[in-house]
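This briefing goes through one protein model by topic. Look at the structure first, then read the points below beside it.

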Amino acid sequence: DLAAFLARLAEEDDALRERIEALALRADPSAYAAALKRRLARFRNGRAFISYAASGGFARELDAWLDDVETGLIAVDPERAWKLVDSFIRTDERVLGRADDSNGSISATYRRACGSWHRAAAALPADPAWVERVYQLHAGNDYGTRDALLDEAATRLSELELRRLARIYEEEAEAALGEGNSYPALSARVAMGQVARALGDA
């Protein structure tokens with residue numbers, strides 16, 4: 001029967017087994033989040049090189065994890081969901097640093113996660129700290145996968161908060177130019193442009 005078939009598949013595939021075990025816990029948000037956190041640790045702590053041939057399959061595994069957060073946790077426990085997605089985004093350097101992501105499939109999942117981050121955050125109480133949280137997370141954008149944090153910032157941030165964020169980047173650009181650092185100034189101006197588009201000002 002179907003249950004036996006899934007059990008056999010799970011025996012042969014650790015990732016599938018972990019996902020099935022997590023799905024069985026969806027009625028308990030705390031236990032479900034803990035299972036998702038264990039899967040996330042495997043992504044973060046892996047050391048094997050992810051070849052070009054394997055990158056698509058690995059990206060699908062990341063997508064499945066993100067699907068499970070979005071469908072099983074954001075609506076019932078957005079705070080746990082937000083913390084998980086925040087931690088996931090922060091694994092980009094370690095994962096992409098050991099992968100041949102020439103086809104962009106892994107990077108695409110990290111960009112998608114930025115939207116999930118904002119959707120979970122939007123379900124949480126308003127807090128002036130959200131501006132700084134977006135800024136700080138985007139600051140680690142070494143692989144360009146966190147650009148979507150700014151592209152989709154209007155999901156969580158109000159117009160006033162977006163303008164505060166734009167001002168931070170403006171001051172950052174001015175300071176960098178004053179010190180003769182053209183690349184940081186350019187990066188800050190690019191970020192300003194993204195926030196402007198989120199505001200509808202561009």
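In α7, the buried residues are Ile106, Ser107, Thr109, Tyr110, Ala113, Cys114, Gly115, Ser116, Trp117, His118, Ala120 and Ala121. The model that shows this is predicted.

**Overall fold**

- The protein has 11 helices and 0 strands.
- Of the 202 residues of the protein, 43% count as buried.
- Among contacts with a separation of 6 or more, 68% are between residues 24 or more positions apart.

**Helix α7**

- α7 has 18 residues, and the distance from its first C-alpha to its last is 26 Å.
- That is close to the 26 Å expected at 1.5 Å a residue.
- The buried residues of α7 pack against α4 (52-72), α5, α6 (92-96), α8 and α9.

**The largest nonpolar core**

- In soluble globular proteins, nonpolar side chains tend to be buried together.
- The largest nonpolar core here has 48 residues.
- Those with the most contacts inside this core are Trp65, Phe88, Ile106, Trp117, Leu157, Leu165 and Val195.
- Helix α7 (residues 105-122) supplies the largest share of this core, 7 residues.
- What does Trp65 touch, not counting residues up to four places away in sequence? The list is Leu36, Arg39, Leu40, Phe43, Leu84, Val85 and Phe88.

**Helix α11**

- The 18 residues of α11 should span 26 Å at 1.5 Å a residue, and this agrees with its end C-alpha atoms, which are 26 Å apart.
- Buried residues in α11 are Ala185, Ala188, Ala191, Gln194, Val195, Ala196 and Leu199.
- An α-helix has 3.6 residues a turn, so residues three or four places apart point the same way.
- The buried residues of α11 pack against α8, α9 (147-151) and α10.
- Just after α11 comes Gly200, with a positive phi of about 85 degrees.

**The largest pocket**

- The largest pocket holds about 360 Å³ of space.
- It is lined by 17 residues, and the closest to its centre are His138, Asn141, Tyr183, Ser187 and Ala188.
- Which helices each supply at least two residues of this lining? They are α8 (129-138), α10 (159-178) and α11 (182-199).
- α11 gives the most to the lining of the largest pocket, with 9 residues.
- By residue type, this lining divides into 11 nonpolar, 4 polar and 2 charged.

**The second largest pocket**

- The second largest pocket holds about 240 Å³ of space.
- Its lining is made of Ser30, Ala33, Ala34, Lys37, Leu40, Ala41, Arg44, Arg80, Lys83, Leu84, Ser87 and Thr91.
- α3 (29-45) and α5 (78-89) each supply at least two residues of this lining.
- α3 provides the largest share of the lining, 7 residues.
- The residues of this lining divide into 5 nonpolar, 3 polar and 4 charged.
- Leu40 and Leu84 belong to this lining, and Trp65 touches both Leu40 and Leu84.

Key
Residues are numbered from 1 along each chain as its sequence is written. This is a predicted model: local features need pLDDT of at least 70, side-chain atom pairs count only at pLDDT 80 or more; totals for chains, interfaces and linings use all residues. Side-chain values use heavy atoms; hydrogens and water are left out. On a 1 Å grid over the protein atoms alone, a cavity is a set of points where a 1.4 Å probe fits but cannot get out, and a pocket is an open set with protein on both sides within 12 Å along at least five of seven lines; lining residues have an atom within 4 Å of a point. Grid points are joined across faces, edges and corners, and a volume is the space filled by probe spheres set on the points. Helices (H or I, at least four residues) and strands (E, at least two) are DSSP runs, numbered from the N terminus. Ala, Val, Leu, Ile, Met, Phe, Trp, Tyr, Cys and Pro count as nonpolar, Asp, Glu, Lys and Arg as charged, and the others, Gly among them, as polar. A nonpolar core is a set of buried Ala, Val, Leu, Ile, Met, Phe, Trp, Tyr and Cys residues joined through side-chain atoms within 4.5 Å. Buried means under 20% relative accessible area, exposed over 50%, partly exposed in between (1.4 Å probe, protein chains only). Contact means heavy atoms within 4.5 Å. The expected span of a helix is 1.5 Å times one less than its number of residues.
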